[in-house]
Amino acid sequence: MSGPLLKVENLTKHYPTAAGLLKKTVPVIRAVEDVSFTIEAGQTLCIVGESGCGKSTIARLLMRLVDPTAGRVLIDGTDIAGLKKHELRAWRRRMQMVFQDPFSSLNPRLTAGQIITEPVENFERLTRKQREALAADLLRKVGMSPEMMHRLPSEMSGGQRQRLGIARALALEPAVIIADEAVSALDVSVQAQILNLLMDLQQQMGIAFIFISHDLSVVEHIGDRVAVMYLGRIVELSPCEALFAKPVHPYTEALIAAAPVPDPTRARLQAPLEGEVPSPIDPPRGCAFHPRCPLAVERCSVDVPPLVPMADGRLVACHVRAPATGEPAQLALLPESLPAVG
Ligand code: SF4
């Protein structure tokens with residue numbers, strides 16, 4: 001097999017608004033616009049941005065829970081849009097999700113053992129012995145005692161329920177797990193345990209993670225690469241370390257500046273993020289960030305900036321910080337004042 005495990009090409013999702021049903025031109029919610037990225041086995045790509053930036057819509061598009069308006073999702077080179085119902089079912093084994101709220105995503109009437117083995121039993125019949133062996137194995141994998149297989153989700157702590165959700169996602173031996181705000185409902189100490197568990201499982205099993213989060217401290221802990229989204233578009237796609245050491249897009253810079261700094265010895269960036277995210281129904285022309293951007297120039301309210309490669313390999317969409325010249329933009333040419341974190 002050659003090529004990336006998962007390839008997303010120009011993915012776009014527009015939802016018609018109810019208000020436009022009787023009109024000639026239907027206004028649309030531009031949830032995702034022209035998003036492209038790849039991910040290899042064993043890698044973690046984090047997708048970050050404020051609420052409403054389109055990150056959860058990307059998860060739904062990748063799982064084919066909704067169909068794209070344009071663009072393609074290829075897994076192992078196969079375009080999932082072209083799959084028939086029975087092929088899609090088989091393909092879903094390759095991609096699993098872990099949700100933010102394990103309590104509402106787990107059937108409260110089933111025991112942990114039944115919850116874990118249910119996805120496998122959708123594909124094959126298991127004897128009672130096989131079922132118990134599988135449940136015990138997966139519970140051990142997520143650091144829980146096999147005895148827990150007889151418990152109901154309501155008899156577990158939040159951290160245990162999230163481990164159970166992960167065990168369920170692992171049952172079909174997926175190639176990719178999409179974790180949508182998977183630790184944001186947990187206490188900080190439990191968050192760290194779950195993140196470490198995910199990283200251990202990734203090392204052992206070579207799973208690729210797409211980790212959707214609004215929490216930059218989580219992203220910094222777990223990410224290999226980070227895609228920063230603003231109003232449906234990726235504005236910066238960068239190796240994680242480089243992004244936190246030297247954010248280039250003004251929005252990334254402001255997001256990092258706005259994040260709580262757990263270590264008081266670490267420097268804080270200057271520019272705070274002001275104003276609300278504009279509506280995706282009628283986004284600002286040109287660069288959608290321009291009404292909030294301290295660096296905006298005239299062109300920013302006219303042309304959408306393309307994602308341009310920088311000399312260090314990251315991609316940035318900004319007329320000022322990454323002007324499209326045909327040559328990779330030089331980080332060294334950025335203003336000296338570009339503040340660094342840490
Ligand atoms: Fe700011 Fe203009 Fe860059 Fe957008 S393109 S981030 S408005 S400087």
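Buried means under 20% relative accessible area, exposed means over 50%, and partly exposed lies in between, using a 1.4 Å probe and protein chains only. By that cut-off, five of the five residues of strand β3 (residues 44-48) are buried. Helices (H or I, at least four residues) and strands (E, at least two) are DSSP runs numbered from the N terminus. This is a predicted model, in which local features need pLDDT of at least 70, side-chain atom pairs count only at pLDDT 80 or more, and totals for chains, interfaces and linings use all residues. Residues are numbered from 1 along each chain as its sequence is written, and side-chain values use heavy atoms, with hydrogens and water left out.

**Strand β3**
- Both faces of β3 are covered.
- Thr 44, Cys 46 and Val 48 are buried on one side, and Leu 45 and Ile 47 on the other.
- β3 runs parallel to strand β8 (residues 208-213), joined by five bridges; two strands pair if DSSP finds at least two bridges between them.
- Ile 47 stands opposite Ile 212 in β8.
- Four bridges pair β3 with strand β9 (residues 225-230), again in the parallel sense.
- Cys 46 has Val 226 of β9 as its bridge partner.

**Positive phi**
- Asp 34 is not a glycine, yet its phi is positive, about 55°.
- Asp 34 sits in strand β2 (residues 28-39). It counts as partly exposed because its relative accessibility is 41%.
- Glu 173, also not a glycine, has a positive phi of about 50°.
- Glu 173 lies in the loop between α6 (158-170) and β7 (176-180). Its relative accessible area is 64%, so Glu 173 is exposed.

**Nonpolar surface patch**
- Leu 295, Val 297 and Val 320 form a nonpolar patch on the surface, with about 200 Å² of accessible area together.
- Areas come from the Shrake-Rupley method with a 1.4 Å probe; for residues, only the protein chains shown count as cover.
- Patch residues have over 30% relative accessible area and no salt bridge; like charges are joined within 9 Å, nonpolar side chains (Val, Leu, Ile, Met, Phe, Trp, Tyr) within 5 Å.
- A salt bridge is a side-chain nitrogen of Lys or Arg within 4 Å of a carboxyl oxygen of Asp or Glu.
- Val 320 is in the segment after β12 (315-316). Val 320 counts as partly exposed because its relative accessibility is 36%.

**Confidence**
- Mean pLDDT (the predictor's confidence in each residue, from 0 to 100) is 87 for the protein, and 90% of residues reach 70 or more.
- Confidence is lowest in helix α3 (residues 102-105), at a mean of 74, and highest in strand β10 (residues 233-239), at 97.
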